[in-house]
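User: I would like to learn how to read sheet packing and chain contacts in a model like this one. Please take the features in turn.

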Amino acid sequence: MTLWGLATLLSLWVLAWIGPAAAGSVEVVDFRGKTVLLKEPARRIVCLIESALSGLYMLGAADRVVGVSSNIYEGSVRPYYEALDPRIRFKSLPAPGNWDFINVESVVALKPDLVILWAHQTEAIQALENRGIAVFGVFVERFADVHREIEAFGVLTGTEERSRELIRAVAQERQWVDEKLQAATALGRPTVYFMWAQGDLETSGENSTVDELIEMAGGVNAFKHMPQEHVTVHWESVLKADPDLIVMWVNAARDPLHILSDVRWRWVKAVKNKRVHELPDVFTSDLWTLKYPVAVLTLARWLHPQAFHGEDLKGRRRAFLERLYNSAAVARVADHVPLD
Amino acid sequence: MKDRHGCDASAGNEAALCVRNLRFAYGGVEVLRHVSFDIKPQRFTVLVGRNGSGKSTLFRLLVGLLKPQEGRIAVFGRDLHRLSLRERTRLLGFLPQHHHPVFPFSVEDVVLTGRAAHAGLVPKAQDRAAVREALEQLGIEPLASKPYTELSGGEQQLVLIARVLAQKPKVLLLDEPTSHLDFVNAHRLMALVRDSLCAHMTVVAILHDPNLAFQHGTDFFFLADGHVFQPDSGRDPWNSALLERVYGVPMETISFGNGAVVVPGDFSKSARP
Amino acid sequence: MFPWIKRAVVFGFPWPIVVLSVFVGPQDSIAPKEALEWMASMMMGAPAAENADLVRAIVWDIRLPRILLAFCVGGALAASGATLQAVFRNPLVCPYILGLSSGAAFGAAVALAVGFLPVYGSAFLFAMAAVGCSYALGRVGKAVTPVSLVLSGIIVSGIFTALLTIVQFLADPFRLQTIVHWTMGNLHNAEWKRVLDSVPLMGCGGVGMFFLRWRMNVLALGDQEAYAVGVDPEREKITMLIPATLAASAAVAAAGIIGMVGLVVPHMVRMMLGPDNRVGMPACFLFGGAFLVLVDDFSRALTAFELPIGIFTTLVGGPFFIFLLRRFRLGWAV
């Protein structure tokens, strides 16, 4: 964990003692830098970010959720949430908005005491705060931000103990992967090109969860030298970087097969050696929740298969998810997802 | 003998333009009624009338821009409205009014567009030769490469006339061709029309200045009250009693040599302004 | 300046630009020397360098199709712009005015959102459809006046933009981003397949406009003036709008919406060579093509990442246009 993350944890811990003791109130600083103040732990939460919602389920605070993001019902994440929550199975949980469009009236009608939104959704945030509703703005760039988010949610819902437990679980999983990779990475780190679904040339630079993912999985980001979190690079730069392995984000339009047969990619090492992979599933590969070690594990196995020889990685994944969500049902859904 | 329009159709005597029983109303107002006349080929015919007498309307009818409610117009025996645009352009040429130049084309390029009915997609040598000829005829050859937008009003008008000449129509219709020309150039143009153009084309001009008309024209018609009148044959046109009808003012005639000029007389006796 | 100097510049400048562009690339890519060596080895059978594969991939698979596409797109847009400015006798007209860009954006968005439609074909068809609608709407009685045509173009544009917004609303965030990226104009996904799909269409449009270039002079003097010399203005305008729309639609489908080229390049050419379209039309195509190639060279070499090319067309084209404006008079009587 970074120094900064540690400092935040410390100050939150102090606050956790002083705050409630002082006035029985709950106070955190969100990702905008704004102090979010509640009189008591949140009881009616509207969460319009799927990854944040995931965190609430992990904390066991889902019973306090009264409104969710609409893509819970639409996307590939639906089976998981149906397994987690009968309300979603029976479509009884309202969905007043998503990442882009928010129906402020519908949100207000749910009488929330806390709303969780992206920090850049300034218009909606302002509309809600003007009505006296507390808003927590989220912005994730690195894994430390994910940790910080879960800690903040722990404070906001009075489940700090659980949040610490979750972070411990993640640390243990990371440590396990690190140990497995020690020998392999000493021999060298393959260059990895990460491809977002918007286009072949869309990748991430240094300050990103993608970069950390690659690093933790025992590789090195082909575009580490670019400072941007999300960037469109030149074809020539990709060819010059000549990555050893290409990993694609979950992509409906293109498959590794397309890349392997694409004229422009054929001279790249990764294509010549047929090392092109696609992350299998949005829910399990999510880089914005504490599930990120699953993605790390998946990528690590592609990068250094010999380091995981003989390991039951599917079983490992199942156990980890079960631990995070306290639910065997969710883990069972994940079992349908191949490790490739 | 007469054809079905009632026009003179005997060989050699065929009218260049034959108008019969033309009637035109505009928004309920009758502008022209019962207009009939013949334009003889290879003559310089002038239609004389005041502004507002329906001159421009008659012009636009002759050219095919307007359709009459009643009546027939025939060009060399062929019904004007049955001709295709191309055929009509080869027979009839006219100067449009109120030209608003937007692009600074060279004079040569402007005149070259007159060849559109002949040239097809790209003008050839013969088209460029026709342009040269037209420019020389009007004496504006030195202006050939100058941008049209930089010329004076009079020069621009000459360029547009050159454009119509380049078109080489059989009948040339000019509506106030001297409106921007100065005194001498106006007469010079009219003299040119009579002397050189009439050799191989028929020219019909509409003028409001009777003296310009009488000095250069060969045949005359008068336009008044929505009718076209022909002066009595055998008499000089400036002696016609129709003049007073056309201008609403008794006219004084001043003779010189073979011709005469007319000048408005006593305005107190005028019928209308 | 002597007219022949200006003509030499306008007609001569594209070729060296196109050739030299092959050697331009981002800083972290191959050096020009390497490209030159590779070309020499291909032509003279000299032994290939170690990184021949890489150089070949870059020069042949990446750079060449991109340069060709940029040239054709720039040329098509400029020629289209010149045609439309002549047809409408309006200096503020660009190829997108009849709803072409909104139609194309909508077509592309639909294809990107559903996933199984070809983006190029969809964008192209809807671009043509939008112009067709504008034309049909713009008919007041028998005649189509420039004002009515432009007004109906604005309406049709608005409708397609609204439809586009609906598609964006219904699409998921990743596809939404792809749609937005598409509309901003991009050449970075240029490949031989796209070149072969779009260039013939742009070529047909270009050839059509080339043949009609003198007739544009006739039309440019005015509707009545055209009628006077035997040209039916309405028929002529449709005849000219067809190849112009064809070329511009193909260009937009291939490279998204790139501004400035269609509006400003015809002015630049007119300022340098005069309004005669016999010279101006081919000049617009060549100059527009070279202009976009040059601008794309900037965008490739300057930044390590891809930026929408529209940014560069304005940054490069703007100052050049201002320079021309001060040097020569605007080729238009305003």
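User: Which strands of chain A does helix 15 lie across?

Analyst: Keep in mind that this is a predicted model. Helix 15 of chain A, residues 292–303, lies across strand 7, strand 11 (245–248) and strand 12. Its angle to strand 11 of chain A is about 155°. Angles here run from 0 to 180 degrees between N-to-C directions. Helix 10 of chain A (residues 209–216) lies across strand 7 and strand 9, at about 145° to strand 7.

User: In what order do the strands of that open sheet in chain A come?

Analyst: The order in chain A is 9-7-11-12, four strands with parallel pairing. An edge strand pairs on one side only; in chain A these are strand 9 (220–221) and strand 12 (276–278). Strand 7, residues 191–195, pairs with strand 9 of chain A in the parallel sense over two bridges. Within that pairing, A:V192 has A:N221 of strand 9 as its bridge partner.

User: Turning to the chains, which two have the most contacts?

Analyst: Two pairs of chains touch, and chains B and C have the most contacts of these. Chain A and chain B are not joined by any contact; their closest C-alpha atoms are 43 Å apart.

User: How many residues does each side give to the contact between chain C and chain A?

Analyst: Chain C contributes 34 residues and chain A contributes 27 residues. The size of an interface is often given as the accessible area lost when the parts come together. For chain C and chain A the buried area is about 2700 Å², with 59% of it from carbon and sulfur atoms.

User: How many salt bridges and polar contacts are there between chain C and chain A?

Analyst: There are five salt bridges between chain C and chain A. One salt bridge joins the side chains of A:E236 and C:R63, at 2.7 Å from N to O. A salt bridge is counted within 4 Å, so this pair qualifies. Polar contacts between chain C and chain A number eight residue pairs, with both residues at pLDDT 80 or more.

User: Which helix of chain C gives the most to the side that touches chain A?

Analyst: Helix 4 of chain C does, with eight residues. Helix 4 (52–88), helix 8 (173–183) and helix 14 (277–302) of chain C each supply at least two residues to that side.

User: How do the residues of that side of chain C divide by type?

Analyst: The side of chain C that touches chain A has 15 nonpolar, nine polar and ten charged residues.

Notes: Residues numbered from 1 in each chain as written. Chains lettered and ligands numbered in written order. Predicted model: local features only at pLDDT ≥ 70, side-chain atom pairs only at ≥ 80, totals over all residues. Heavy atoms only, no water. Contact = heavy atoms within 4.5 Å. Buried area = accessible area lost by both parts, 1.4 Å probe. Polar contact = N/O pair within 3.5 Å; in protein donor to acceptor, adjacent residues only side chain to side chain. Nonpolar A, V, L, I, M, F, W, Y, C, P; charged D, E, K, R; others polar. Pairing = 2+ DSSP bridges.
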